[in-house]
Amino acid sequence: MPNRHASVAPWVRTRLRAAPGAAVALFVLVLVTSFLAAVFPRGVDAYEDRGLRGAIADAGVLTSTVAVTTPVFMAADSEPGSSDRMLHHTRLRDQYEDIVGGLPAPLRADLAEAAYGARTAKPQEATDSWLPRPDGLAPQFTLATQADVGKHARVVDGRLPTTAGKVTSRTRQAEAAVTARTAKSLKLKVGSVVHFPGFGDGQRAVRISGIVEPLRPDGSYWAYESELRTPTLASNGDPLEPLSYWLAGLLLAPDAGPFLLGFEYAAEAYWRLPPAVGSLTAHDPPALKKHLASLEKGPLFTELSERTGSRFLTVSSGLGAVLTSYGELRDAVTPVVAVAAFGIGTVAAIVLLMAGRLAAARRHDELRLLRARGGSVRGMAGRLFAETLVVAVPAAALGWLLARLAVSEGRTAFSLLGSAAVAAFACAALPVQASLAHRRLRAHGGRDDVTTARPSARRTVAELTGLVLAVGAVAALLRRGTDEADPLVSAAPVLVSLIAALVLVRLYPLPLRWALRPLVRRRGAIGFLALARAGRAPAAQTLPLLALLTALSMAAFGGSVLAGVADARDRAALFTVGADIRVDGPGAPLPDSLAGQLGKVAGVREVAAVHLDEDLELPDSSFAHLVAVDPRTYARLARETGLGSFTEAELAAPRSGTLPAIASPQVAELLGGREHSFKQAAGYFTARVVGVRETTPALPDGEFLLIDGRQLPHLTDSVLLASGSGIDTAAVRETVDAAGKATIGVRADEYAALADSPLQSGAERLYAAAVAAGAGYAALTVLLSLLQSARERGALVARLRTMGLGKRQARWLLVWESLPQALLAAGGGALVGWSATVLLAPGIDLGRIALAARTGFERFSVVQLRADPWSLLLPALGVVVLATGVSLVQAWWTARRTATTELRAGDSR
């Protein structure tokens, strides 16, 4: 007897086995999209964290360290020994532990570089005549009892200082260690005794017990009080008779603090707390600034005063200013990066939606049959959701895991949210679209071609809503710029791209109709069949077209952003150097042979010698720069650099008489069109202004008078400007160093210095990745669209082959059929990208991301967006090439298969 309860194969397993290729494609698509959604916020966190730490590190220890100090006076009316106890090592150590323990997170101290102890409030002048005296002034020493010297230095001679018995303010001699540099400069050795005038009761002496070498000389422990590490030549501050003297440091034993009270002026107890940079994140500055303000003048300051027992406590740090500067740069970079995030996010959503739409179209007949047999919309949607869920969720989880492995830094919550959103969107795309398409039962469906389909009222309302949002976003962007990371402003480029793409999608049938009319009267069938097939494509194909247009326009927009940043830096670097290489003399003329030697260096194309004299007196008694050059080489250099270009004939002077001159605007206004005589070190000459230029390569910024220097009898080379490509800068430096002292400027080095901020470079890399992802989604859209219709197109070619169509004709039919959509997407994407760039350029300032907070580039402070031809054309050309290549591969593969294979009985293709 047959079993009435025969098991039914599970829906999900059956569908996955029936279409494994589609499942794998969905898995890969969700994996890549989840990876991008998870890695983007982690990447932003990573480069912002590195930017904050880099900003603090670049500020230097003097700026970033929190310094807590309190003076200790030798008061006559105080309790005997009370001042001594305030400088005792045990007391200072306990106070240090209390201070460090009381710092709230994230304001934590780097304990490896923190320092505490006591020091003389002012350097003390040594009385020994054997100590070096450069200008006859006695050297001065800062005496400090800094703790843990043995942990931060190694002893190279002698031993660390100790104390014999109890040290008080009346102790007359103590031991000290010095660094190797101090010993060498001050001619100190183990056993040397340095004497100082005491305070009130005689002389004080310090015996050198050992010489040490710092282990980390650039760390805060040594670098904050630099004279303890490295002696310097200080000036007496007299502008009329400046004299120099040595300023150095002596490291006493930690428990010798009371000894410092025996010197003139007060002593100081100090605690220096460098921030623990390694644990800081980009989201800590608000709390850091709040705690710093409280520490300097607030509740934390009151608490510190109570812990140290001092009424004269001072807390100082420049860390707050560093955090403010970093915040301004971050606020300038974030909106520009947000544009990339909105753009790539929109493209990814459209591609996921397109994948669901294509899957629903591919299974249209299956789902219609399921509905005809009594299946409910809810049940159908649930089954589709389940089969998508088992593919999308593991793919999204794997994408998040790969993102976490790729970028170890960053917050987890946002990356998880991104991957979860991708999984939810991928799971909902197919069932929602299938439910909308099959919510009503139909006996048969009419034609759903691109050229005959009419947009629904819902679509029209949605498009009008998007248009209103796009207009509002553009207006807000042009009015406010990108000063704030407002979602509507950041979404302006992608909204403009979407609206333009929707317009082009609506106009798509028109060029097909126009192109089809002349082909009707031609004898060949390939062109007519190709365009007819393109016109009979399902209306669902408009979604891939929309995805393509949006992806290409965003790739073009993003490429233009990167090109604008690179162009701004290149112009700023050129403005700084004036050419590819600049050699300035050290206040004296350069050797005459140096120009010829520099011209022989590999990569140097031409060298222009310039005589530069800053003492050119003008009629109003002000001064400008005289720039005397060879017109032939200098004119070529000015034309290449674009810095005040002119022709050789404009500047070339006759053998005698008045010299034609080119002047800066202010100099030209003072001199007018009259002749003026000048007496300079290079010779006498008379000049008349014949041209005005804003700048010139030898003096990009400043007032100048440019003349033909060949007529001056005592002309010398002050500056050499070299141009070329692939210049061997090492050989340039070697050549210049061999000729004497000179300053070398390299354009490439200046360019690199403008991009050395982790915040800048990280934002650029992320933006470049977004552009690459947009181009990748465009390519993926082409592949999905063509592969979706591959079986149906293969069957068509097989049918036409049975009717006499040749292999070559079949190949061209497939190629020409794919070109209309590819050409429209390529041309439309380039056009939309260009339009969005031109429309939004006035509201987007790339100056901060290009030049950061660099000073001296005021004329480049506003860097507007510009359309980059390569960014517009390369992605568009890539789409056309990819579409053609896939069609050719499909044609070759189809030609290898037999018509019997393609035309199986009962096949619905």
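Predicted model: local features only at pLDDT ≥ 70, side-chain atom pairs only at ≥ 80, totals over all residues.
Next I looked up how the two strands here pair. Strand 15 and strand 19 run parallel and share 5 bridges.

I then went to strand 14. Strand 14 and strand 15 are antiparallel, with 6 bridges joining them. As a reference pair I noted Leu 616, which stands opposite Ala 624 of strand 15. The two strands make a hairpin, with 5 residues between them. In that turn I found Ser 621 with a positive phi of about 70°.

Zooming out, I wrote down the strand order as 17-18-16-19-15-14-20-13-21. That makes an open sheet of 9 strands, and the pairing is mixed. Which strands sit at the edges? They are strand 17 (675-680) and strand 21 (743-746), each pairing on one side only. From one strand to the next, the twist averages 30°.

At the strand 21 end I checked the partner, strand 13 (residues 581-584). Strand 13 pairs with strand 21 in the antiparallel sense, over 4 bridges. Here Ile 581 is the residue opposite Val 746 of strand 21.

**Helices on the sheet**

Helix 26 (residues 729-739) packs on the sheet and touches strand 13 and strand 21. I get about 165° between the direction of helix 26 and that of strand 21.

Helix 23 (residues 631-641) was my other stop. Which strands does helix 23 lie across? I listed strand 14 (604-617), strand 15 (623-629), strand 19 (704-708) and strand 20 (719-724). Helix 23 runs at about 100° to strand 14.

Thr 735 is in helix 26. Is Thr 735 buried or exposed? At a relative accessible area of 17%, Thr 735 falls under the 20% cut-off, so I logged it as buried. Its side chain reaches the backbone oxygen of Ala 731 at 2.8 Å. Leaving out residues up to four places away in sequence, Thr 735 touches Leu 594, Gln 597, Leu 598 and Val 601.

Asp 708 took me back to strand 19. Asp 708 has 0% relative accessibility, so it counts as buried. What does the side chain of Asp 708 reach? I found the backbone nitrogen of Ala 653 at 3.1 Å. There is also a polar contact of 2.9 Å between the side chains of Asp 708 and Arg 710. With residues up to four places away in sequence left out, Asp 708 touches Val 629, Pro 631, Leu 651, Ala 652, Ala 653 and Leu 659.

**Nonpolar cores**

Last, I looked up the cores. The largest nonpolar core has 144 residues, and Phe 141, Leu 143 and Leu 250 are those with the most contacts inside it. Helix 12 (residues 319-362) supplies the largest share of this core, 19 residues. Apart from this core lies another, of 20 residues, among them Leu 618, Ala 653, Ala 661 and Ala 668. Ala 653 was already in my notes, as the residue whose backbone nitrogen the side chain of Asp 708 reaches.

I finished on Phe 141. Not counting residues up to four places away in sequence, its contacts include Leu 131, Leu 186, Val 194, Phe 196 and Leu 250.

Definitions and conventions. Residues numbered from 1 in each chain as written. Heavy atoms only, no water. Pairing = 2+ DSSP bridges. Axes fitted to C-alpha atoms, helices over the stretch in contact; angles between N-to-C directions. Contact = heavy atoms within 4.5 Å. Buried < 20%, exposed > 50% of the residue type's maximum accessible area, 1.4 Å probe, protein only. Polar contact = N/O pair within 3.5 Å; in protein donor to acceptor, adjacent residues only side chain to side chain. Core = buried A, V, L, I, M, F, W, Y, C linked by side-chain atoms within 4.5 Å.
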